[in-house]
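Thanks for coming, everyone. Let me put the model up on the screen, and then I'll walk you through its inside.

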Amino acid sequence: MRIKVIKIKAKRAFNPTKIPGADYVVNQYVGCQHVCKYCYAKFMCRWYNHGRCGTWAVVKENIPDLVKKENVKGEVYMSSVSDSYQPIEKKLKLTRNTLKNMSKNIRVTILTKSDLVLRDIDIFKEFRNIEVGLTLNGFDGKVKREIEPFSPNNEKRIHALKVLHENGIKNYAFISPIIPNLVNVGELIKETKDFVNFYLFEFLNLKASGREFREWLKQNYPESYDVVSDKTKAEKYVNDVINIIKRSNVPIRGICVHYPKLAMIK
C-alpha cells in the first residue's frame, strides 16, 4: 500500500512512557501501513494532521543519529505508535539503523506484526538484553482482509518466532486483541509453546478500537460485540480465557484487561 511519507527531525530519541514494563519509548515512525481497523494509535491523528489513519507515516529520519548521543537506564520499548517493521522499513532501514547505532547495553523490547524483523537478527545478537515479540491473533480469510489488510499473516509471524528462537534471540508472543469467537487463545498457545520464551495477552480495548471497528464488529459478529460490550458477559469471558491461559502452563509476563476496567494481571 502506498502512503504519504513525511520526513521530520526529532528533538530526542528516548521519551519517558507510562506503558507497563517500560521506562522509555523510541518512535522512529508515527503512523503505520498495516492499517489495522482496531488500531489503538489512531488518536495520533489529533497531532499529525495528514489525513486518514493508515494513509501516511511520519519518518523521524535523524533518530539513528540521536541514539548515538543519548543513553538511558531502564527498559526501552520500540515502538508504541507504529510498527517498527512496517513495509517502508524494508527500503528506509530506519529501525535497523537506529538499533545499529544504539548502545548494546540498553535493554530493548520490540513488538511487530512483520516477519521483516528477521532481517535484523545479526543486530539483535549484539545486544546484551533484547526481547523481540510478534503479535498473534489467528485472523485469516475475510476477517484478516477486513481488519488487518496489510500485515503479514499469522503463519509468517509464527515462523518468525521460531527462527528467532533458533537463533538464540529471546522472543515472546503477544496474543492480541482477544475477541470472542474470533481468537482461539488455546490454539495459538498450542502452536507456539515449544519455541516461545514467554507470553503477553491483551483483551480487546473496545473504546480505543474506535467507532468504525465497533460498528464493523457489531454488524459482522453481533454475538462477539454482545459479549465485549456487556459488563457481566465480558467479565465471564475474560475469566474463562484466563483459566485457559493458566491451564496451558506457559510463562506469562502479563494479561491486560481493558473492560470493564483496566487491569494488568500477572
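Predicted model: local features only at pLDDT ≥ 70, side-chain atom pairs only at ≥ 80, totals over all residues.

Let's start in the middle: the largest nonpolar core has 66 residues, and L99 and F124 touch the most other members. By nonpolar core I mean a set of buried Ala, Val, Leu, Ile, Met, Phe, Trp, Tyr and Cys residues joined through side-chain atoms within 4.5 Å. Buried is under 20% relative accessible area, exposed is over 50%, and partly exposed is in between, with a 1.4 Å probe and protein chains only.

Residues are numbered from 1 along each chain as its sequence is written, and side-chain values use heavy atoms, with hydrogens and water left out.

Back to L99. Leaving out residues up to four places away in sequence, L99 touches M78, Y85, K104, V108, I110, I123, F124 and F127; contact here means heavy atoms within 4.5 Å.

Now, E131. This one sits in strand β8, residues 130–136 (strands are DSSP E runs of at least two residues, helices are H or I runs of at least four, both numbered from the N terminus). Is E131 buried or exposed? Buried, with a relative accessible area of 6%. Again skipping residues up to four places away, the contacts of E131 are E75, V108, T109, I110, K170, Y172, F198 and R253.

On to the empty space. Rolling a probe the size of a water molecule over the atoms shows where empty space is left. The search runs on a 1 Å grid over the protein atoms alone: a cavity is a set of points where a 1.4 Å probe fits but cannot get out, a pocket is an open set with protein on both sides within 12 Å along at least five of seven lines, and lining residues have an atom within 4 Å of a point. Points are joined across faces, edges and corners, and a volume is the space filled by probe spheres set on them.

How many cavities of 30 Å³ or more turn up? One, and the largest cavity holds about 90 Å³ of space. I178, F203, L204, L206, V228, A234, Y237, V238 and Y259 line it. Helix α10 (residues 231–247) gives the largest share of that lining, three residues. By class, the lining has nine nonpolar, no polar and no charged residues. Nonpolar here is Ala, Val, Leu, Ile, Met, Phe, Trp, Tyr, Cys and Pro; charged is Asp, Glu, Lys and Arg; the others, Gly among them, are polar.

The second largest pocket has a volume of about 170 Å³. It has 13 lining residues, and the closest to its centre are G138, F139, N154, L188 and E191. That lining has five nonpolar, four polar and four charged residues.

F139 shows up again among the aromatics. The whole structure has seven aromatic pairs, that is, Phe, Tyr or Trp rings (six-membered ring for Trp) with centres within 6.5 Å; planes under 30 degrees apart are stacked, over 60 edge-to-face, and the rest tilted. The Y38 and F139 rings have centres 6.3 Å apart and planes at 65 degrees, so that pair is edge-to-face. Both Y38 and F139 are buried. W216 and Y221 have ring centres 5.6 Å apart and planes at 50 degrees, so they count as tilted. Finally, Y38, F139, F213, W216 and Y221 form one aromatic cluster.
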